[in-house]
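Please keep the sequence and the structure in view while reading.

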Amino acid sequence: MPELPEVEVVRRGLERWVAGRTVEAVEVLHPRAVRRHPGGGADFAARLRGETLGVPQRRGKYLWLPLAGRDLSVLGHLGMSGQLLVQPEDAPDEKHLRIRVRFGDDAGTELRFVDQRTFGGLSLHETVADSAEALPDVIAHIARDPLDPLFDEAAYHLALRAKRTTVKRALLDQSLISGVGNIYADEALWRAKLHYERPTGHLTRPRSAELLGHVRDVMNAALAVGGTSFDSLYVNVNGESGYFDRSLDAYGREDEPCRRCGTPMRRRPWMNRSSYFCPRCQRPPRVPS
């Protein structure tokens with residue numbers, strides 16, 4: 001699934017191409033694409049018609065477009081294969097086009113939601129105030145992400161110690177820190193020389209701060225090259241793939257030499273996913289006898 005860098009790349013594209021535009025018409029071409037909208041496709045299209053889209057916002061992996069002058073937002077859930085594309089109005093329809101949004105201007109482009117696996121979708125939600133921003137009520141419980149200027153490092157460290165879990169589980173816990181998924185967790189842990197099963201209760205404040213620094217560095221590096229794209233499903237609003245997969249140090253590198261010590265990298269099943277690590281640089285925690 002797309003993580004923070006991929007979603008931020010899409011958000012920036014939407015800010016450039018759709019912010020400030022007024023919706024003229026909406027076509028819902030597949031009911032699953034609006035299954036999170038209680039009123040269904042017809043209601044979604046009717047309520048969005050005539051509304052002006054504000055500047056797109058993001059928290060972690062979640063993206064939304066506020067409606068100007070309203071306490072409502074369009075929440076975009078990309079799922080496994082969702083794409084928000086800005087296309088010329090006369091461009092051929094994509095095979096898996098699910099929603100089309102036309103605008104009442106002469107820019108000649110429209111917004112399309114394309115989703116091969118139909119796990120994602122768009123939905124309208126009321127917004128609630130949270131400190132310096134308003135966000136859809138259904139994601140109000142999601143923590144701020146490490147690139148957010150208001151992210152509280154001290155509170156995060158205390159929450160880590162209190163959680164009594166393992167470090168990778170904590171990185172993927174969206175109620176503690178948002179935006180980090182499997183790929184960037186493995187990358188940050190490799191940089192920090194931490195095994196994914198390291199107990200959070202054993203992390204000192206300097207050690208957790210170091211790990212957060214690596215999380216930020218990895219995400220900023222990925223942002224600089226458009227995110228990580230392993231196939232054509234992960235693209236920006238112009239249909240372009242990211243290139244960070246060429247710079248990965250851990251994820252997907254099973255049996256390849258560690259870039260630090262040369263030891264073959266290993267992969268282990270983990271929570272219906274995989275964890276990639278160096279057995280020498282990231283030694284597993286000792287099991288109490």
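## The loop between strands 10 and 11

In this predicted model, Met271 sits in the loop that runs between strand 10 (266-270) and strand 11 (273-277), and Asn272 has its place in the loop between strand 10 and strand 11 as well.

How accessible are these residues? Met271 has a relative accessibility of 38% and therefore counts as partly exposed, because that class lies between the limits of 20% for buried and 50% for exposed. Asn272 has a relative accessibility of 86%, so Asn272 counts as exposed, the limit for this class being over 50%.

## Backbone angles in the loop

Most residues other than glycine have a negative phi. Against that background, Met271 has a phi near 50°, which is a positive value in a residue that is not glycine, and Asn272, with a phi near 65°, likewise shows a positive value without being glycine.

## Empty space inside the model

Rolling a probe the size of a water molecule over the atoms shows where empty space is left. In this model the count comes to two cavities of 30 Å³ or more, and the second largest cavity has a volume of about 70 Å³.

Which residues line the second largest cavity? Its lining is formed by Leu48, Leu53, Leu65, Val74, Leu84, Val101, Leu111 and Leu122. When the residues of this lining are divided by type, eight are nonpolar, while no polar and no charged residues are found among them.

Technical notes:
Residues are numbered from 1 along each chain as its sequence is written. This is a predicted model: local features need pLDDT of at least 70, side-chain atom pairs count only at pLDDT 80 or more; totals for chains, interfaces and linings use all residues. Side-chain values use heavy atoms; hydrogens and water are left out. On a 1 Å grid over the protein atoms alone, a cavity is a set of points where a 1.4 Å probe fits but cannot get out, and a pocket is an open set with protein on both sides within 12 Å along at least five of seven lines; lining residues have an atom within 4 Å of a point. Grid points are joined across faces, edges and corners, and a volume is the space filled by probe spheres set on the points. Ala, Val, Leu, Ile, Met, Phe, Trp, Tyr, Cys and Pro count as nonpolar, Asp, Glu, Lys and Arg as charged, and the others, Gly among them, as polar. Helices (H or I, at least four residues) and strands (E, at least two) are DSSP runs, numbered from the N terminus. Buried means under 20% relative accessible area, exposed over 50%, partly exposed in between (1.4 Å probe, protein chains only).
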